[in-house]
Amino acid sequence: MTNIADNTKNGYDIEGIGSVQIADEIVSVIAGLAATEVEGVNKMYGNITNEIVSKLTMKKLSKGVKATIHDDTVDVYLKLVLDYGVNIAKVSAEVQERVKGAIETMTGLTVNEINIRIAGIQTE
C-alpha cells in the first residue's frame with residue numbers, strides 16, 4: 001500500500017514515488033462543478049471576456065470561480081447566478097457545503113473559506 005505523507009504546498013508527497021501538486025485552476029473546476037450541482041444555482045457568473053474565452057477553451061468549467069491555495073488550505077470565491085424565487089441563504093449554505101466536501105474529498109486539501117457573491121438572478 002502506498003503511504004501518502006503530509007500535505008506540502010499545493011499537494012502532497014507519495015512516499016517512495018514523488019509528489020503531486022494541484023493547480024489552483026483544478027480546484028476552481030472542482031468548485032464550479034460542485035456549485036452548479038446545487039438546485040437553485042442557474043450558472044456561474046462571468047464577465048463578457050470570460051464568456052468569449054469560455055467558448056474557445058475549457059475555461060468555462062471554472063468561470064466565476066477563484067480558488068487560491070495556501071500551503072494545505074484553500075480559499076474559494078464564487079460568483080453565482082441563482083434561479084428566481086429560491087431562498088438565497090439556503091442555496092448559498094448548500095453550495096458552501098457541497099463545494100467544501102468536493103474539494104476536501106478530491107484533493108485532500110482543507111477548505112479555509114468559501115465566499116459567495118450573488119451576481120444575478122435568472123428569471124426564465
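From the N terminus on, the elements of the protein follow the order β-β-β-α-β-α-β-β-α-β. Three helices and seven strands are present; helices (H or I, at least four residues) and strands (E, at least two) are DSSP runs, numbered from the N terminus. The structure is a predicted model, in which local features need pLDDT of at least 70 and side-chain atom pairs count only at pLDDT 80 or more, while totals for chains, interfaces and linings use all residues. Residues are numbered from 1 along each chain as its sequence is written, and side-chain values use heavy atoms, with hydrogens and water left out.

Of the 124 residues of the protein, 35% count as buried; buried means under 20% relative accessible area, exposed over 50%, and partly exposed in between (1.4 Å probe, protein chains only). The protein exposes about 7,600 Å², of which carbon and sulfur atoms supply 51%. Accessible areas come from the Shrake-Rupley method with a 1.4 Å probe, and for residues only the protein chains shown count as cover. Among contacts (heavy atoms within 4.5 Å) with a separation of 6 or more, 65% involve residues 24 or more positions apart.

Helix α1 covers residues 24–36. The expected span of a helix is 1.5 Å times one less than its number of residues. The buried residues of α1 are V27, S28, V29, I30, A31, G32, A34 and A35. These buried residues pack against β4 (41–44), β5 (65–70), β6 (73–83) and α3.

On the side of α3, V99 is found in the helix, which spans residues 88–107. V99 is buried, with a relative accessible area of 0%. Leaving aside neighbours within four places in sequence, V99 is in contact with A31, A34, A35, V76, L78 and I114. The C-alpha atoms of V99 and A31 are separated by 5.2 Å, although the two residues are 68 residues apart along the chain.

Side chains of opposite charge can pair when their charged atoms come close. A salt bridge is a side-chain nitrogen of Lys or Arg within 4 Å of a carboxyl oxygen of Asp or Glu. By this rule the count comes to three salt bridges. R98 forms one with E37, the closest N and O atoms being 3.6 Å apart. R98 lies in helix α3 and E37 in the loop between α1 and β4, so this pair ties together parts that are 61 residues apart in sequence. E37 counts as exposed, at 54% relative accessibility, and R98 as partly exposed, at 32%.

R98 also forms a salt bridge with E94, with closest N and O atoms 3.2 Å apart. E104 and K100 form a salt bridge with a closest N and O distance of 3.1 Å. Both of these residues lie in helix α3, four residues apart, about one turn of the helix. Salt bridges that share partners join E37, E94 and R98 into one network.

Elsewhere on the surface, Y84, I88, I118 and I121 form a nonpolar patch with about 390 Å² of accessible area together. Patches are made of residues with over 30% relative accessible area and no salt bridge; like charges are joined within 9 Å, and nonpolar side chains (Val, Leu, Ile, Met, Phe, Trp, Tyr) within 5 Å. I121 is in strand β7 (residues 110–122) and is partly exposed, with a relative accessible area of 41%.
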